Amino acid sequence: SATPGIVASCAARATAAPRRRSRGGAPGVTLQSAAVSLPERFAAALRAGEPAVVGRLEHGRCLLDLRALPPGSDAALAAAVLAVGPAPRKG
């Protein structure tokens, strides 16, 4: 699995990602989900990649909502994130 590589090199973390629907068939309903949380700098590079990966920005983090990911796509998502490169080292 690529997950340990993503966490170690990209400053990723798992997070809850509830979203409150404002329109559609269930306005006002909160949908529970989980997301991969990356540093904000990943957002533009992921959108420009092939395949394009679109997340949302919240509190300085790029959230990739796993509810929107088709089954069996974990490896493709991991490869896209790792292709962006590691997070800058603090120090």
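The model is a predicted one, in which local features require pLDDT of at least 70 and side-chain atom pairs count only at pLDDT 80 or more, while totals for chains, interfaces and linings use all residues. Residues are numbered from 1 along each chain as its sequence is written, and side-chain values use heavy atoms, with hydrogens and water left out.

**The whole chain**

Begin with the protein chain in cartoon view, where 3 helices and 6 strands are present. Helices (H or I, at least four residues) and strands (E, at least two) are DSSP runs, numbered from the N terminus. Read from the N terminus, the order of elements is α-β-β-β-β-α-β-β-α. Of the 91 residues in the chain, 29% are buried. Here buried means under 20% relative accessible area, exposed over 50%, and partly exposed in between, for a 1.4 Å probe and protein chains only.

**Strand β6**

Next, select β6, residues 61–65. Because 5 of the 5 residues of β6 are buried, this strand is largely enclosed by the rest of the structure. Show its side chains: R61, L63 and D65 lie on one side, C62 and L64 on the other, and all are buried.

Two strands count as paired if DSSP finds at least two bridges between them. Strand β4 (residues 34–39) pairs with β6 in the antiparallel sense over 5 bridges, and L38 has C62 as its bridge partner in β6. Strand β5 (residues 56–58) also runs antiparallel to β6, joined to it by 3 bridges; in this pair, R56 stands opposite L63.

Now centre the view on L64, in strand β6. L64 counts as buried because its relative accessibility is 4%. Although L64 and A17 are 47 residues apart along the chain, their C-alpha atoms are separated by 9.0 Å.

**The nonpolar core**

In soluble globular proteins, nonpolar side chains tend to be buried together. To see the largest nonpolar core, select its 11 residues: A12, L38, F42, A43, L46, V53, C62, L64, L77, A80 and V81. Such a core is a set of buried Ala, Val, Leu, Ile, Met, Phe, Trp, Tyr and Cys residues joined through side-chain atoms within 4.5 Å. Colour α2 (42–48), β6 (61–65) and α3 (74–84), each of which supplies at least two residues of this core.

**The second largest pocket**

Display V53, V54, D65, L69 and L77, which lie nearest the centre of the second largest pocket among its 16 lining residues. A pocket is found on a 1 Å grid over the protein atoms alone, as an open set of points where a 1.4 Å probe fits, with protein on both sides within 12 Å along at least five of seven lines; lining residues have an atom within 4 Å of a point. The space in this pocket is about 270 Å³, a volume being the space filled by probe spheres set on grid points joined across faces, edges and corners. Both β6 and α3 supply at least two residues of the lining. By class, the lining has 12 nonpolar, 2 polar and 2 charged residues. In this scheme Ala, Val, Leu, Ile, Met, Phe, Trp, Tyr, Cys and Pro are nonpolar, Asp, Glu, Lys and Arg are charged, and the others, Gly among them, are polar.

Select R56 and E58, whose side chains meet in a salt bridge of 2.9 Å, N to O. R56 also forms a salt bridge with D65, with the closest N and O atoms 3.5 Å apart. Through shared partners, R56, E58, D65 and R67 join into one network.

**Two backbone details**

Most residues other than glycine have a negative phi, and most peptide bonds are trans. Select H59, in the loop between β5 and β6: its phi is positive, near 50°. This hairpin has 2 residues between the strands, and H59 counts as exposed because its relative accessibility is 82%. Finally, go to P51 in the loop between α2 and β5. The peptide bond from E50 to P51 is cis, with omega near 5°.

Key:
Salt bridge = Lys/Arg side-chain N within 4 Å of Asp/Glu carboxyl O.
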